[in-house]
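Biologist: I have a structure open and want to learn how to read it. Can we go through it feature by feature?

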Amino acid sequence: MFFSEAGARPRTWEASPSEHKKWVKVFKACDEDNKGYLSREDFKVAVVMLFGYKPTKIEADSVMSSVNPNTSGLSLEEFLSIVRKKKEVQLHRNEIRHIFTAFDRHYRGYLTLEDFKKAFRQVAPKLPEQTILEVFRSIVTQKKADIQRH
């Protein structure tokens with residue numbers, strides 16, 4: 001899988017009916033007093049139940065700031081939308097990790113130009129070496145820019 005210059009984007013993904021039911025069940029379990037919404041703390045518990053980690057203050061703030069101001073918390077529809085997006089991102093990251101691992105033949109945690117060339121010779125043998133080199137340089141340049149920003 002290769003990504004456009006505009007950036008990597010997760011494919012559209014739909015939850016299975018059983019997964020959707022699980023999300024609704026978690027919402028109902030975390031909706032203390034059956035108030036019809038999740039408070040900030042309820043949301044944190046739901047994320048732990050579904051994803052196995054406690055959301056950071058920043059993540060919780062971000063989610064709660066997106067809540068309809070006329071309500072006191074996260075509605076079921078809002079919760080399902082957030083969970084679907086989180087699941088898409090999780091699947092996308094897993095796919096990237098899987099592809100990287102396939103390219104990282106020596107398990108070093110990084111790719112050399114030679115690793116990159118070997119991988120492309122297998123998946124796209126007719127791709128000109130110059131193109132492979134340009135892609136590799138582009139990635140290295142982007143990585144350097146990311147490091148300088150942080």
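Biologist: Which residues of helix 5 are buried?
Modeller: Burial is about relative accessible area, and buried means under 20%. Keep in mind that this is a predicted model. In helix 5, the buried residues are D115, F116, K117, A119 and F120.

Biologist: What covers the buried residues of helix 5?
Modeller: The cover includes helix 4, residues 76-103, and helix 6.

Biologist: How do I read the packing of helix 5 and helix 6? At what angle do their axes cross?
Modeller: Look at two values, the angle and the distance between axes. Helix 5 spans residues 113-123 and helix 6 spans residues 129-149. Their axes cross at roughly 130° and come within 10 Å. Angles over 145 degrees would count as roughly antiparallel, and 65 to 115 as roughly perpendicular. Helix 5 and helix 6 are therefore oblique to each other. Helix 5 passes helix 6 in a right-handed crossing.

Biologist: Which residues make that contact between helix 5 and helix 6?
Modeller: Helix 5 contributes L113, F116, K117 and F120. From helix 6 come E129, I132, L133, V135, F136 and I139. Sorted by class, this contact of helix 5 with helix 6 holds 8 nonpolar and 2 charged residues, and no polar ones. F116, K117 and F120 take part in the contact, and they are also on the buried list of helix 5.

Biologist: Now helix 1 and helix 4. How do they cross?
Modeller: Helix 1 is residues 17-30. The axes of helix 1 and helix 4 cross at roughly 125° and come within 10 Å. That makes helix 1 oblique to helix 4. The crossing of this pair, helix 1 and helix 4, is right-handed.

Biologist: Which residues of helix 1 and helix 4 touch?
Modeller: On helix 1 they are E19, H20, W23, V24, V26 and F27. On helix 4 they are L76, F79, L80, V83, R84 and K87. The class count for the contact of helix 1 with helix 4 is 8 nonpolar, 1 polar and 3 charged.

Biologist: And what is the angle between helix 2 and helix 4?
Modeller: About 40°, with the axes 12 Å apart. Helix 2 covers residues 40-51. Under 35 degrees would count as roughly parallel. The angle makes helix 2 oblique to helix 4. Helix 2 and helix 4 also cross in a right-handed way.

Biologist: Which residues form the contact of helix 2 with helix 4?
Modeller: F43, A46, V47, L50 and F51 of helix 2 meet F79, I82, V83, K86, K87 and Q90 of helix 4. By class, the contact of helix 2 with helix 4 has 8 nonpolar, 1 polar and 2 charged residues. Notice F79, V83 and K87 of helix 4.

Biologist: Let me zoom in on F51. Is it buried or exposed?
Modeller: F51, in helix 2, is buried, with a relative accessible area of 18%. Leaving out residues up to four places away in sequence, F51 touches V83, K86, K87 and Q90. Now compare sequence and space. F51 and K87 are 36 residues apart along the chain, yet their C-alpha atoms are separated by 8.7 Å.

Biologist: What about backbone angles? Where is D33, and what is its phi?
Modeller: D33 is in the loop between helix 1 and helix 2. Its phi is positive, about 65°, although D33 is not a glycine. D33 is exposed, with a relative accessible area of 74%. N34 is in the loop between helix 1 and helix 2 too. N34 has a positive phi near 45°, and is not a glycine either. At 66% relative accessibility, N34 counts as exposed.

Biologist: Last, the record. Which residues does the UniProt annotation "domain: EF-hand" cover?
Modeller: The unreviewed UniProt entry gives residues 18-53 and 91-126. Check each span against the model. Residues 18-53 are 69% helix and 0% strand, with end C-alpha atoms 22 Å apart. Residues 91-126 are 67% helix and 0% strand, with end C-alpha atoms 30 Å apart.

Notes:
Residues are numbered from 1 along each chain as its sequence is written. This is a predicted model: local features need pLDDT of at least 70, side-chain atom pairs count only at pLDDT 80 or more; totals for chains, interfaces and linings use all residues. Side-chain values use heavy atoms; hydrogens and water are left out. UniProt positions are given in the numbering used here, feature names are shortened, and annotations may be inferred rather than shown by experiment. Helices (H or I, at least four residues) and strands (E, at least two) are DSSP runs, numbered from the N terminus. Axes are lines fitted to C-alpha atoms, for helices over the stretch in contact, and angles run from 0 to 180 degrees between N-to-C directions. A crossing is left-handed if the near helix is turned anticlockwise from the far one by less than a right angle, and right-handed if clockwise. Contact means heavy atoms within 4.5 Å. Ala, Val, Leu, Ile, Met, Phe, Trp, Tyr, Cys and Pro count as nonpolar, Asp, Glu, Lys and Arg as charged, and the others, Gly among them, as polar. Buried means under 20% relative accessible area, exposed over 50%, partly exposed in between (1.4 Å probe, protein chains only).
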